[in-house]
Amino acid sequence: SLRFRASASAYLNRTPASAGNRTTWTWSVWVKIGQLGTNPYLMSSGGAATPEVIQFSASNQLNFGYYNGSAWSYQILTTPVFRDPSSWYHIVAVWDTTQATASNRMRFYVNGTELFDAGSINVLYE
């Protein structure tokens, strides 16, 4: 268990020895939101100016996207909001660029439920 305070600017960092498989991956984490509406990154790759991120948005939605320095190149923002700072959330993100249908390439699961239907994920850019 780890606790990160925004005031401490704490984070975990890992530099892989090689690029690895960037076409298919799964990421899983248990999180508890400490402060609502603060845009905390759960995962980030790339540089500070052009990150690819999984985060809670300022409106407390899950966000996955790539920011090219001036705009989102692609972004998936969930419709459900996560506003319970007393709850633990198990979040699983699945990325699979081998899928023929664009809407199947990124999937979110929260507490075992897939957040993917016509009303739960909005692909803003692709």
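**Entry 1**

I began with β7 and strand β8 (residues 113–114), which pair in the antiparallel sense over two bridges; strands here are DSSP runs of E with at least two residues, numbered from the N terminus, and two strands pair if DSSP finds at least two bridges between them. The model I am reading is predicted, so I note that local features need pLDDT of at least 70 and side-chain atom pairs pLDDT 80 or more, while totals for chains, interfaces and linings use all residues. Residues are numbered from 1 along each chain as its sequence is written, and side-chain values use heavy atoms, with hydrogens and water left out.

In the hairpin of β7 and β8 I found two residues between the strands, and Asn111 takes a positive phi near 50 degrees there. I then looked up the bridge partner of Tyr109 in β8, and this is Glu114.

**Entry 2: the salt bridge**

My search of the whole structure for salt bridges (a side-chain nitrogen of Lys or Arg within 4 Å of a carboxyl oxygen of Asp or Glu) gave one. The side chains that meet in it belong to Arg107 and Glu114, at 3.5 Å from N to O. I checked how open Glu114 is, and at 33% relative accessibility it counts as partly exposed; buried means under 20% relative accessible area, exposed over 50%, and partly exposed in between, with a 1.4 Å probe and protein chains only.

**Entry 3: β7 in its sheet**

I next followed the open sheet, in which four strands stand in the order β1-β6-β7-β8 with antiparallel pairing. Because β1 (24–32) and β8 stand at the edges with a single partner strand each, one side of each has no neighbour in the sheet.

Strand β6 (residues 88–96) pairs with β7 in the antiparallel sense over five bridges. Along this pairing I noted that Val92 stands opposite Tyr109, and that Ala93 stands opposite Phe108.

**Entry 4: the core**

Which residues touch the most other members of the largest nonpolar core? I found Phe64, Phe82, Ile91 and Phe108, out of 19 residues in that core; such a core is a set of buried Ala, Val, Leu, Ile, Met, Phe, Trp, Tyr and Cys residues joined through side-chain atoms within 4.5 Å. The elements that give two or more residues to this core are β1, β3, β4, β5 (72–81), β6 and β7, and β6 gives the most, with four residues.

For Phe108 I listed contacts (heavy atoms within 4.5 Å), leaving aside neighbours within four places in sequence, and among them are Ile54, Leu62, Phe64, Ile91 and Leu115.

**Entry 5: aromatic rings**

A search of the whole structure for aromatic pairs returned five. Rings of Phe, Tyr and Trp (its six-membered ring) pair if their centres lie within 6.5 Å, and planes under 30 degrees apart count as stacked, over 60 as edge-to-face and the rest as tilted. Phe82 and Tyr89 have ring centres 5.3 Å apart and planes at 85 degrees, so I recorded this pair as edge-to-face. Phe82 is buried, with a relative accessible area of 7%, and Tyr89 is buried as well, at 9%. I also noted that ring pairs link Trp25, Phe64 and Trp95 into a cluster.
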